[in-house]
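Hi,

Here is the structure I promised to pass on to you. Have a look at it first, and then read on for what turned up in it.

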Amino acid sequence: MTKNIVDTSLPKKHDTEDKIFNHCCVEIEEFAEFLTKFKDIGGTFHKRFLSDDYRDLDLDNVFLRKNGDLVHIEHHSIMSGEWMRRDFQYLTTLHRASGRFIHPFIFNTGEIPKSTIEFASPNSFYNPLFINTQEIEGSVRLNNIKYKIDNNQKINAFDVSDLIWMPKYRWDREIESVVVELVDIYNNIIVDENLLEVLRKSLVLWAGKYVSEEGNIEKVIRGLKMSAQEVIDLKKDIVSARIDGMLCRAEKRGMEAGIDKGKLETARNMLERGFALEDICDVTGLCEEDILNG
């Protein structure tokens, strides 16, 4: 068993979706197939085993197909040309280090990009396959699973993956109500215990991000049978997730408006440490709108 070494010198961004994405990739064997539709994915190809170059890259997940090809899946909650160029660097470094053919995917849980093809450099094309969650009609997927439950049909890993990501699908209702309904469904499905636990952990994280009404918080706590420590962590996650949302909006606006990234990073660190907005503005030179508006 390897230990996770965490740098605690600076607070890290509370990225709810990245946490859930990593749970799915590591703990749901069928999740890569759920995203890519490849039926011959044999296992994870860990980055540390490739090269020193590859080890230093912050890739999300790489999987190995039975024919020897690699599948590189990056998760994005915000799309930008800068991030696309970073992904292209990952792709070329991964190919250079492994010598294998790479199938690039981007699992996008944010807004649908205006163009799914961007130039990574004047001489190279980077054209990953996009999986945009907001192209999926949430009510249709949810009704399909509810039909299975009502008719005592088997709930499988693909259904659980759907349930986990439903808060990021397209809805004509508040996401908070979706999360609360998913907690209710959690108590009525029969599925492998390991899959059920991944769903539970994901719902706790979604609740931290989207559930704010006191009555709904109590429903989540009861529905997921949360321990006292989990309740404490949930309350912390609710606060952190609110900050997460503000920072994501600020980061997106900064990319669009050309705001200095170092200033935004400083603002993020100060926000997460509890500094007052007035002090953050004095230090960074940013206005409150740059940091919080949206």
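**Helix packing**

Helices α6 and α8 pack with their axes 9 Å apart, at an angle of about 5°. An angle under 35 degrees counts as roughly parallel, so α6 and α8 run roughly parallel to each other. On the α6 side the contact is made by Ala157, Val160, Leu163, Ile164 and Trp165, and on the α8 side by Leu195, Val198, Leu199, Ser202 and Trp206. By class, the residues of this contact between α6 and α8 are nine nonpolar, one polar and no charged.

Before going further, please keep in mind that this is a predicted model. I come back to its confidence below.

Helix α8 (residues 193–210) also packs with helix α1 (residues 16–27): the two axes come within 10 Å and cross at roughly 175°. Since over 145 degrees counts as roughly antiparallel, α1 is roughly antiparallel to α8. From α1, the residues in this contact are Thr16, Glu17, Lys19, Ile20, His23 and Glu27, and they meet Val198, Lys201, Ser202, Leu205, Trp206, Lys209 and Tyr210 in α8. The contact of α1 with α8 divides into five nonpolar, three polar and five charged residues.

Another helix pair to look at is α5 (residues 138–150) with α7 (residues 175–186), which pack at an angle of about 20° with their axes 12 Å apart. That angle makes α5 and α7 roughly parallel to each other, and their crossing is left-handed. Here Leu142, Lys146 and Ile149 in α5 meet Glu181, Leu182 and Ile185 in α7. The residues of the contact of α5 with α7 come to four nonpolar, no polar and two charged.

**The chain as a whole**

The protein chain has 13 helices and seven strands. Of its 294 residues, 47% count as buried. If you look at the contacts in the chain with a separation of 6 or more, residues 24 or more positions apart account for 65% of them.

Val62 has its place in strand β2 (residues 61–65). With a relative accessible area of 4%, Val62 is buried, as that is under the 20% cut-off. Val62 and His103 lie 41 residues apart in sequence, and their C-alpha atoms are 9.6 Å apart in space.

Phe88 sits in helix α4 (residues 81–98) and is buried too, with a relative accessible area of 16%. Along the chain Phe88 and Pro104 are 16 residues apart, and 9.1 Å separates their C-alpha atoms.

**Two positive phi values**

Most residues other than glycine have a negative phi. Which residues here have a positive value? Asn152 has a phi near 55°, and Lys225 has a phi near 50°. Asn152 is found in the loop between α5 and α6, while Lys225 is in the loop between α9 (214–223) and α10 (228–257). Are these residues buried or exposed? Asn152 is exposed, with a relative accessible area of 74%, and Lys225 is exposed as well, with a relative accessible area of 63%.

**Confidence**

A few words on the confidence, in case you plan calculations on this model. The average pLDDT of the protein chain is 78, and 72% of the residues score at least 70. Where in the chain is confidence lowest, and where is it highest? Strand β5 (residues 118–121) has the lowest mean, at 47, and helix α6 (residues 157–165) the highest, at 97.

Over to you, and happy browsing!

Best wishes

Conventions: Residues numbered from 1 in each chain as written. Predicted model: local features only at pLDDT ≥ 70, side-chain atom pairs only at ≥ 80, totals over all residues. Heavy atoms only, no water. Axes fitted to C-alpha atoms, helices over the stretch in contact; angles between N-to-C directions. Helix = DSSP H or I, 4+ residues; strand = E, 2+ residues; numbered from the N terminus. Parallel < 35°, antiparallel > 145°, perpendicular 65-115°, else oblique. Left-handed = near helix turned anticlockwise from the far one by under 90°. Contact = heavy atoms within 4.5 Å. Nonpolar A, V, L, I, M, F, W, Y, C, P; charged D, E, K, R; others polar. pLDDT = per-residue confidence, 0-100. Buried < 20%, exposed > 50% of the residue type's maximum accessible area, 1.4 Å probe, protein only.
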